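Please consult the sequence and the structure while reading the points below.

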Amino acid sequence: MRNLTKEAASGDSRRKFALGTTPSPDFQTTYAYVQCTPDLTTEECSNCLNDAISEIPGCCTGKAGVNVLKPSCRIRFDPYSFLGPTLKLDPDAPPPSTSPSSNNPPSQGNTNTSRTIIAIAVPVAGVVLLLGFICIYLRLRKPRKHFEIHREEDDHEDEISIAESLQFNFDTIRVATDDFSDSNKLGQGGFGAVYRGQFPNGELIAVKRLSRDSGQGDIEFKNEVLLVAKLQHRNLVRLLGFCLEGRERLLVYEFVPNKSLDYFIFDPIKKAQLDWQRRYKIIGGIARGLLYLHEDSRLRIIHRDLKASNILLDEEMHPKISDFGMARLVFVDQTQANTNRIVGTFGYMAPEYAIYGQFSAKSDVFSFGVLVLEIVSGQKNSGNIHRGENVEDLLSFTWRNWREGRTTNIMDPTLNNSSQNEIMRCIHIGLLCVQENVAARPTMASVALMLNSNSLTLPVPSEPAFVVDSRTGSVPDMLSSEHNSRETNRSIQESVNEASITEPYPR
């Protein structure tokens, strides 16, 4: 690249450009070129190109290709030919010979032509300069940059470029959140705190400040930016922008005023604000959001951490799925995938994922089923339900009462005067979603159809996973294996992200 710089800088006023190749490992060839705008002097061109080359170690060490663009010069190299045939300019024409007539005064016609050219060129140059200054001014004011992220997954490296992503200045976010004051703190998530903020124009925001000492901060940040920025759905939290400055990594979201679902549904007093009509709309909204992630977004996305604290409620109590830091991308025609790093929240995890690391859209369906039963009963899946001398978890309690025909025992007592048929149907759908057999669970498309069509006959569910026999206290083999895996596999983590702001993948 240094050699090409010398060649380009020595070019004439028509072209300052150089192209070359060099052998690379594995019998490959690296193609490269450098270029300056022709108006630069030799020294200016050389300085501009050297500055661009000096940026390579800081941004792109180990990359097979580099592309650095500056206002007056550009460098690039890649392991493939990216330029077509180059235009060859004729050698400089010899200077015109001096003839006696050259000393004669110019004719009147030439003088008039020169004046006309000057009269046109001066205003045009002035307008161009004015427009240039305006563009530079707007560019400096606008918190918008081209942002490029390199992502590694499953030993394959992809380059994903997000053009025109909104990048906020750190000072702007700091002022909006009153220097991240505790009074503006909305909650503490698994990978950082979430703060309430307000821009000078009055717009309210939620800012997720990733923890500096989090070993997974960078991964979660890349997931969030690459995925959420491309997701647009009324039942998903909307990403407004991000900030990358030094060690600071911030994500800026729309502000959702009514906190998260768990704030209401598990509180003995606040749950009364969620009548059955609202709960039914929340269930339907979550189903539509998951259906979008699984089938309608730009890429097939598995959330992997769907739970009550990750469902935000807007001013009209409409649900918005958040916290996509655990999300994983799978191919459109792929039915399942495996991972060595199991993340999420026990109680909402499907058995095949918690034990074997196998996740699919049906893993999210399982979590959705648990969530539906929580919404209907007002009980946490991890809590113990006392009925006489029996102590059961939510799935065991729901399954036993449904099988014995006492489904009214499952209902939240505050829903006494609600639609019995819809509640019973939602309990039925929830049990279908938490079946131990993965193939027997419905897809989210089927779930959405079940919720919207009361005439559709529902199949009979089989026993849920992780059911504990309250009479004997025995735990199924699968549950025992799950407990053993928690002891032996230290990579399994319980999500503590109660802040309900995000991390995803789109289609």
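Helix α8, which spans residues 276-296, packs against helix α13, residues 444-452, at an angle of about 150°, and their axes lie 9 Å apart. The model is predicted.

**Helices α8 and α13**

- An angle of about 150° exceeds the cut-off of 145 degrees, and α8 and α13 are therefore roughly antiparallel to each other.
- The crossing in which α8 passes α13 is left-handed.
- On the α8 side, the contact involves Tyr280, Ile283, Gly284, Ala287, Leu290, Leu291, His294 and Glu295.
- On the α13 side, these residues are met by Met444, Ala445, Ala448 and Leu451.
- Sorted by class, the contact of α8 with α13 comprises 9 nonpolar, 2 polar and 1 charged residues.

**Helices α12 and α13**

- Helix α12 covers residues 420-433; the axes of α12 and α13 come within 10 Å and cross at roughly 170°.
- This angle makes α12 roughly antiparallel to α13.
- The crossing of α12 past α13 is right-handed.
- From α12, the contact draws on Arg425, Cys426, Ile429, Leu432 and Cys433, while α13 contributes Val447, Met450 and Leu451.
- The contact of α12 with α13 contains 7 nonpolar residues, no polar residues and 1 charged residue.
- Leu451 of α13 takes part in the contact with α8 and also in the contact with α12.

**Helices α10 and α12**

- The axes of helix α10, residues 361-377, and α12 come within 7 Å and cross at roughly 150°.
- With that angle, α10 is roughly antiparallel to α12.
- In passing α12, α10 makes a left-handed crossing.
- The residues supplied by α10 are Val365, Phe366, Phe368, Gly369, Val372, Leu373 and Val376.
- Their partners in α12 are Ile423, Cys426, Ile427, Gly430, Leu431 and Cys433.
- The class count for the contact of α10 with α12 is 11 nonpolar, 2 polar and no charged residues.
- Cys426 and Cys433 of α12 belong to the contact with α10 and also to the contact with α13.

**The chain as a whole**

- The protein chain contains 14 helices and 21 strands.
- Of the 507 residues in the protein chain, 46% are buried.
- When contacts between residues at least 6 apart in sequence are considered, 64% join residues at least 24 apart.

**Loop residues with positive phi**

- Asp178 is not a glycine, yet its phi is positive, at about 55°.
- Asp178 lies in the loop between α5 (170-176) and β7 (185-189).
- Arg304, likewise not a glycine, has a positive phi of about 75°.
- Arg304 is placed in the loop between β12 (300-302) and β13 (311-313).
- Is Arg304 buried or exposed? Arg304 has a relative accessible area of 8%, and buried means under 20%, so Arg304 is buried.

Conventions: Residues numbered from 1 in each chain as written. Predicted model: local features only at pLDDT ≥ 70, side-chain atom pairs only at ≥ 80, totals over all residues. Heavy atoms only, no water. Axes fitted to C-alpha atoms, helices over the stretch in contact; angles between N-to-C directions. Helix = DSSP H or I, 4+ residues; strand = E, 2+ residues; numbered from the N terminus. Parallel < 35°, antiparallel > 145°, perpendicular 65-115°, else oblique. Left-handed = near helix turned anticlockwise from the far one by under 90°. Contact = heavy atoms within 4.5 Å. Nonpolar A, V, L, I, M, F, W, Y, C, P; charged D, E, K, R; others polar. Buried < 20%, exposed > 50% of the residue type's maximum accessible area, 1.4 Å probe, protein only.
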